[in-house]
Amino acid sequence: MTAARLFIADEVAHPDAHDLYRAMPSRDEAATARLAWEVAVDQLVRPGLHTVHRANGTTETAEVLTLLRQVEEAVLPGSAVTGKPSQGSRPPASLGALSLLASIRREVRQCCRTHDHPQWTTLTEQVRAWAEHAEHWQHAAPDYVVWAAEESTRWVAQARQLLDPEPRLPLRGRACPVCRVDVVQVWSDDEGDYVRRPALRIDAEQVEAVCAACGQRWGLDVWAQLNTLLDQQLTHETLAVTGITHGDDAE
């Protein structure tokens, strides 16, 4: 633990050899770090907004759970991220989500344990209280503020990766090579209306890429090769439209 973290937890400075040789952040660096810290915490604890595009051309905006609450929901067995019962089977808990939540709780409790906070009922309240010290700690312990900014930003990135991992095979935005359809309209029980969805999806049971418009299927190994060819074709078409050729680049 750094000297600043011990100072914040106990209100007593306990420097160690590592901290003695580390340069303290400048005032501008501390101010920038405080802003980054507050922005990251805001992303963790503030509810988000989701825009729904309906088939009749109208749009609606709905409030979604905070990012931190979504991670908490992800570890509950049988519940989707929205907290609604899931018809499919899910593992009893996400180890990644549990580990992230444990890291956040441990850091927040460590740094706020000697402060006169009210009894917290949720982790969201704890994180908000932790960030409320940013202004004071910017001047009293600027190295901690820099560390907190980096750590909270990492928490946000980890949470988003847990909830919406990058697909191993790119499908969104792709048109089916057979029927050339990229978006289809499907009925959504949650929305009570038809919504737009990408035409291409992964069939986990058959381990295939499938087009919802024409029904064409490809094995994932075949789709990976086809996707590479589509990328090459798109690059060729883009260069042709712009009038750029590899020969021109060579010159």
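Helices (H or I, at least four residues) and strands (E, at least two) are taken here as DSSP runs, numbered from the N terminus. I began with D193 and found that D193 lies in strand β4, residues 193-198.

**Basis of the entries**

I note that this is a predicted model, in which local features need pLDDT of at least 70, side-chain atom pairs count only at pLDDT 80 or more, and totals for chains, interfaces and linings use all residues. Residues are numbered from 1 along each chain as its sequence is written, and side-chain values use heavy atoms, with hydrogens and water left out.

**Entry 1: D193**

D193 counts as buried because its relative accessibility is 18%. I then listed its contacts, a contact being heavy atoms within 4.5 Å. With neighbours within four places in sequence left aside, D193 touches R54, V186, W187 and S188.

**Entry 2: G48**

I turned to G48, which belongs to strand β1, residues 48-53. G48 has 23% relative accessibility and therefore counts as partly exposed. Apart from neighbours within four places in sequence, its contacts are A62, E63, V64 and L65. I also checked G48 against T66: they are 18 residues apart along the chain, and their C-alpha atoms are separated by 6.2 Å.

**Entry 3: the protein as a whole**

I counted ten helices and seven strands in the protein. Of its 251 residues, 32% count as buried. For the accessible surface I used the Shrake-Rupley method with a 1.4 Å probe; for residues, only the protein chains shown count as cover. The surface comes to about 15,900 Å², and 52% of that belongs to carbon and sulfur atoms. Among contacts with a separation of 6 or more, 49% join residues 24 or more positions apart.

**Entry 4: α4 against α8**

For helix pairs, axes are lines fitted to C-alpha atoms over the stretch in contact, and angles run from 0 to 180 degrees between N-to-C directions. The axes of α4 (residues 67-74) and α8 (residues 142-163) come within 10 Å and cross at roughly 50°. That angle makes α4 oblique to α8, since under 35 degrees counts as roughly parallel, over 145 as roughly antiparallel, 65 to 115 as roughly perpendicular and the rest as oblique. On the α4 side the contact is made by L67, Q70, V71 and A74, and on the α8 side by V156, A159, R160 and L163. By class I find six nonpolar, one polar and one charged residues there; Ala, Val, Leu, Ile, Met, Phe, Trp, Tyr, Cys and Pro count as nonpolar, Asp, Glu, Lys and Arg as charged, and the others, Gly among them, as polar.

**Entry 5: α5 against α8**

I next took helix α5 (residues 95-112), whose axis comes within 10 Å of that of α8 and crosses it at roughly 160°. That makes α5 roughly antiparallel to α8. From α5 the contact draws on G96, A97, L100, S103, I104, E107 and C111; from α8 it draws on Y144, W147, W155, Q158, A159 and L162. The classes are nine nonpolar, three polar and one charged.

**Entry 6: α6**

The buried residues are L123, T124, Q126, V127, A129, W130 and A131. They pack against α3 (27-45), α4, α5, α7 (134-140) and α8.

Technical notes:
Buried < 20%, exposed > 50% of the residue type's maximum accessible area, 1.4 Å probe, protein only.
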